[in-house]
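Hi everyone, thanks for coming. I'd like to walk you through one model today, so let me put it on the screen.

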Amino acid sequence: MARITFQRLDDHSPYFWGLLALHAMVIAIGLGAFFYMEHHGHIVTGMNNAIVWGTPHVFAVFLIVAASGALNVASISSVFNNLAYKPFARLSGILAISLLVGGLMVLVLDLGRPERLTVAMTTYNFKSIFAWNIYLYTGFLVIVAAYLFTMMDRTLAKSGKATKFMGWFAFAWRLALTTGTGSIFGFLVAREAYDSAIMAPLFIAASFLYGLAFTVLVLLTMCRETRQQLMSEEVVAKFLNLIIIFALAVLYFTTVKHLTALYASEHHGVEAFILRDGGIYTLAFWLGHVLIGNVIPIVIAAFLSGDGKFFTGRRGLAIASVLALIGGLSFMYVTIIGGQAYPLDLLPGMKVESSYLDGQVASYTPSLPEVLLGLAGVSIAMLATGVALKVMPFLPRGLEADG
Amino acid sequence: MRMKRHWTKLAIVVACLAAIVAGAVTGPVLAGPPQPARGKGEKCVAPTDWMRRYHMQALKHQRDETVHEGIRTPRFSLKHCFECHQVAGADGRPVSVADPKHFCRTCHDYAAVRVDCFECHASRPGEEPIRTGSTTDNPPAAAASGDVAALNRYLGDAKR
Amino acid sequence: MSMKFVFPEEDDGVAARGGGTQGAIAVAAAMPPADVVAVDPVDAGRRWFLKAAAVFTTTVLAPGVTLMAFGDIDAANARPADQPVSSAQRWGLLIDAAKCQEGCSACVTACGVENGIAAPKHAATDSQWIRTLKVTDPRNGATFQMPIMCQHCTEPPCVDVCPTGASFRRADGIVLVDRHICIGCRYCMMACPYKARSFVHEPLHDQKPYAPRGKGCVEGCSMCVHRVDAGGTPACVEACAKTGHAAMIFGDLYDKNSEIARRVATYRTTRVRADLGTDPGVYYQNI
C-alpha cells in the first residue's frame, strides 16, 4: 500500500478565499446579532418563558453532536484498525475540534449573562449534567488535540502506540460527550418528550450520521480545491455504506423511542402532538428528520449512487450528506423546540389554563438575531477548519495528483 | 535611504504613544481625585481606608451569607449602605445610580471600574412601594407600606 | 375582676404560624382566679365559660385580624439576623382550592407589588412568580381555581440541573436563585415540572431593595424570603387573608404545633405531581 503523505492546502482556487471571506462575514454579522441580544435582553428574540431554548440551541446542539461524530473516521482507523480511513484521520480530528468550538460559541453567546462564563468555569454543581458537559467539551478539545499530535508528530506517529492509545481515549471520551449531550434532555423528568434513557443512544446514532456528513462534505470540497482524488472509489463506496448504516441506526432509535411512548396512554398526548397535531413540529419530524434526513439518503446511497447508477458515487455521497444535515437540523428543531412547546401536565386528567399560558401549546417563531447567531456558529466551525487546513498538513495527498 | 524610512516610522510610533500616555496621565490630574459625598452618621461601619480597598470583598462575603444562609446582619449589607450613603438629588429624594452624583459612581466613574450590582439591586433606599402605571386593580391596603416601614425599623434597630 | 385575655398585637408574636399554641395560652390566661370561683360558683362558671369562649374565638380569629391590620411583619419572632437558617424548620404553604374564588387574583397582584414585578402585559415573556390556574374537568365541565407558584421541593429538579449551583435549596426549605452566580442558561426552566421559573428578558429598573432582580437571570417565587426572615408571611398569603377568602396558610411544616402542620396532619391534602417524587412544600386541599 502506498505511503500516505499529507499536505497543506497551498494550491487552491480564489473561490476558497471567497468562501473564507463569506464565513468571516457571517461570523461578524452573528457577533453583531449577539451584541444586540445581549444589550436589549432576550426580549428581542423569539424565545420566551415557555420556549426557553430556541434556534441558537438547535444549531449549537447540532454542531456539538456533529463534532463528536466527526471524530469517527479517525476512530475507525485507530480503534477499529480499518486502514482505509487512515488518510482522513487528521482531517476528522481537526473538523471535530472546529465543529465543537462553533457549537460552544453559540451556546455561550446565548446565555442570559455571558460575561459570567468565568463563573461557569469555576463554580460547579456536579449533579448537573451541564456541569459535566463543560468538562466533557473542554476535555474533548484537549484530547483530540493530543490525538492529532500523536498522529502528526514524526516520532510518535512512527511507533503508532501513542496514536492507538489516544485513539481509544478519544473514542471513549467522545461517546461520553454525546451521551452527556443526549442526557441534557434525557434527564429531564418534567418534559414528556424527553425523560427517557433512549435520548443518549439516539444522540450517539445521530452523531455518527451528522459527523460523517460534515467530514464527507469538507473532503469533497477539498477534492475540488486541490484538484486531486483525495478519496479512492473504494473509500467513496465505504462512505456510502456508512451513511446507510448510520441513518438506519437513527431511524431505529427514533422508532423505538416513539413506539415505546405510544404504548403508554400517559404519553399519547405528546406523541399525538409530535407525530400528528404539532403543525411545524410534525412537518419537521416526518418530512425533515425521517424522510429528508434519513430515508432519502438511504435510498440514494443504497440504490442510486455508484458506477452505472443515477448519480456518481461522489455526487450521491454529496447529496446524501447535505440531506442528512438538513435532517439533523430538523431533528434538533423537533426535539428541542417541539419538546418545549408541548405543555406541562400539571394536573393529569384535567385541563388547565392561566395567565402564564399553562395548558396550551407554546408558540415560537425563530427571530433573525437567533438565526444569525446559529449560522455564525456553523461559519466559525468552517472558517476554523479552512484556516487550519491551510496552516498545517491535515489533508491527505491525493493518490493520483493532478500534475 | 532605508535608515530615513525607519526613523520616520519610529518617530510616528513614539508620538502616538506619547499622546496616549499624556492623555492617560493628565486626565485624572486635571479632573482631580474623586470627592465622594459624606455619608450620614458619625462614621462608616469600617474605617474608610479599609472600606475603599475591601468593600467588594466584604459585600461578596456578605452576599453569600445572606443569600444562602439567611444571615442579614446589616453591617455589610448593600441595602444598609444606602441608609447613610444616599445622595439627595434636585427633588430632595436620593438619586439612583443613573445619576453621576450617586455615591458609588463618584469613585467608580473615576477609576473606570464598572459597577454592575445595580442591574439587579436597587441603588437607593427603599421607599413606599412604587406603583408603576401598569399595576393593579386591587391596590394593596396600607398594611403594605406598613410592611416596608416595619422592615426599615427592623433594619435600623439591628446592631452595627 | 377583669379577665385579661390576650388580644394579639403586632409585637406579641401571635402570627399565623403560632395561632395554635397562643390560643391555648390565652385560654389558660383567661381562667378565673380562685377567689372569684369561690364566691359564686355557678355564675362565675358561666361567666368564665362565656369569656373563655370569647377568648378562644378571638385568639383563633386574631391571626387573621393581625394579618389584615398589621401586615404581620413580626420583628420579635424573627430569627436573629446573625443566625443562619437551619433545617429544623421547613417553610411551606397550604392552599385550600375550595376557598380560592374564581376570578380573584389578589395573591398575584400582591406578589407583583411586593417584589416589584410589573403586571404581565406580554404573557409569554413577562415574569410571573405566582399565577392562578383555572382548572376544568373535561368530563363534566366543572371548574375551580387554584394559585400555583414555586413548590419549594425537597428534591428540586431545578437545583439538580443548575450547572453553577445558582439554583439552590436553603436549609429551611426555600428554593432560591442566587442571581450572583446565575449565568442565565435557563436549564432550570426546562427542568421544572411546575413552570415555576421565569427568565428576565429585558433590563429592569426601580427594583425593590429587598427583592433584587435583573436581566439575564432566572427567577421565581422566593416565598417572600425577605419577609420570612423578618418573621412575617409571604405577600400572597397575606393578601388572600385580607380578601377574606383565607385560602392560603404559611408556616413551618416541621413544627407540629403550627397551624399548617396540624392541618396537613388532619385533612386530606395532596401536592401537584407528587408522583414525580420532588416532595413539594406546597400542599393543596380540594384539587
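Let's begin inside chain C: strand E1 (residues 91-96) of chain C and E9(C) pair in the parallel sense, over 4 bridges. Two strands count as paired here if DSSP finds at least two bridges between them, and helices (H or I, at least four residues) and strands (E, at least two) are DSSP runs, numbered from the N terminus. Within that pair, C:Asp96 stands opposite C:Gln285 in E9(C).

Before I go on, a word on the ground rules. This is a predicted model, where local features need pLDDT of at least 70 and side-chain atom pairs count only at pLDDT 80 or more, while totals for chains, interfaces and linings use all residues. Residues are numbered from 1 along each chain as its sequence is written, chains are lettered from A and ligands numbered from 1 in the order in which they are written, and side-chain values use heavy atoms, with hydrogens and water left out.

Back to the sheet. It is open, with 3 strands in the order E8-E1-E9 (chain C) and mixed pairing. Strand E8 (248-252) and strand E9 (282-285) of chain C are the edges, each pairing on one side only. From one strand to the next, the twist averages 20 degrees. Helix H8 (residues 235-243) of chain C packs on this sheet, touching E1 and E8 of chain C, and its direction makes about 135 degrees with that of E8(C). Axes are lines fitted to C-alpha atoms, for helices over the stretch in contact, and angles run from 0 to 180 degrees between N-to-C directions; contact means heavy atoms within 4.5 Å.

Now, how does chain A meet chain C? The contact takes 52 residues from chain A and 54 residues from chain C. Together the two chains bury about 4,600 Å², 59% of it on carbon and sulfur atoms; that is the accessible area (1.4 Å probe) that two parts lose on being put together, summed over both. On the chain A side, A:Asn49, A:Leu346 and A:Tyr356 lose the most area to chain C, together 16% of what that side buries.

Strands cross over too: E2(A) runs antiparallel to strand E2 (residues 130-136) of chain C, joined by 4 bridges. There, A:Glu353 has C:Lys134 as its bridge partner.

Finally, there are 3 salt bridges between chain A and chain C, meaning a side-chain nitrogen of Lys or Arg within 4 Å of a carboxyl oxygen of Asp or Glu. One salt bridge joins A:Asp358 and C:Arg131, with the closest N and O atoms 2.7 Å apart.
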